[in-house]
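Dear colleague,

Please find below the structure I am handing over to you. My notes on its strands and helices follow it.

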Amino acid sequence: MRNKSREAFRNEWKYLISTSEKEMLMLRLKPFLQPDPHAGEGGYYIRSLYFDDYYNSYYKENEIGSDPREKFRIRIYNGSASKITLELKKKERNKTLKLSCPLTEEQCRTLMKGVPLPMRPDYPPLLQKLLLQMRTRLLRPVIIVDYDRVPY
């Protein structure tokens with residue numbers, strides 16, 4: 001039997017390119033790739049709120065390439081609170097796994113203040129893990145990262 005959790009890991013490579021390189025790539029790839037049907041004509045806008053501890057351990061682990069490592073974020077799309085997700089991004093053996101669960105707007109607003117929600121057994125395991133780390137590692141929201149994405 002195959003290990004399904006291993007199948008969820010994927011390769012993820014990121015490169016810095018200039019605007020002209022981006023335009024050239026998009027022109028060259030257009031005949032071969034279809035735009036993501038979930039995105040609008042020009043893609044979508046992503047805003048993420050990342051959590052870290054007092055020592056910025058997640059950031060430092062990312063910068064030095066620690067393996068394994070993980071980080072928590074809350075993410076919204078196109079500035080809308082209609083879909084708010086808590087995500088855990090894990091890196092292991094140079095592969096990436098993303099886990100997510102929905103948040104209510106009220107839960108999100110509380111977490112954005114750095115206040116852990118009360119522990120509840122009916123919360124998704126991912127939310128329970130964040131809340132535990134907010135209490136034990138004192139994770140707090142530290143930075144907002146936003147950008148436009150054109151997915152294919």
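Two residues separate β3 and β4 in the hairpin that these strands form. R93 lies in the turn and has a positive phi of about 50 degrees. Please note that this is a predicted model. Strand β4 covers residues 95–103 and runs antiparallel to β3, to which it is joined by nine bridges. Within this pairing, K89 stands opposite K98 in β4.

On the other pairing of β3, eight bridges connect this strand (residues 80–92) with β2 (residues 69–77), again in antiparallel fashion. Two of the positions concerned may be of use to you: R69 has K91 in β3 as its bridge partner, and E70 stands opposite K90 in β3. The hairpin of β2 and β3 also has two residues between its strands, and N78 there adopts a positive phi near 55 degrees.

How many strands does the open sheet contain, and in what order? There are five, arranged as β4-β3-β2-β1-β5 with antiparallel pairing. At the edges are β4 and β5 (140–149), each of which pairs on one side only. From one strand to the next, the twist averages 25 degrees.

Helix α3, residues 57–64, lies across β1 (44–52) and β2, and runs at about 110 degrees to β2. Helix α4, residues 105–112, packs on the sheet and touches β1, β2, β3, β4 and β5. The direction of α4 makes about 115 degrees with that of β4.

With kind regards

How values were computed: Residues numbered from 1 in each chain as written. Predicted model: local features only at pLDDT ≥ 70, side-chain atom pairs only at ≥ 80, totals over all residues. Heavy atoms only, no water. Pairing = 2+ DSSP bridges. Helix = DSSP H or I, 4+ residues; strand = E, 2+ residues; numbered from the N terminus. Axes fitted to C-alpha atoms, helices over the stretch in contact; angles between N-to-C directions. Contact = heavy atoms within 4.5 Å.
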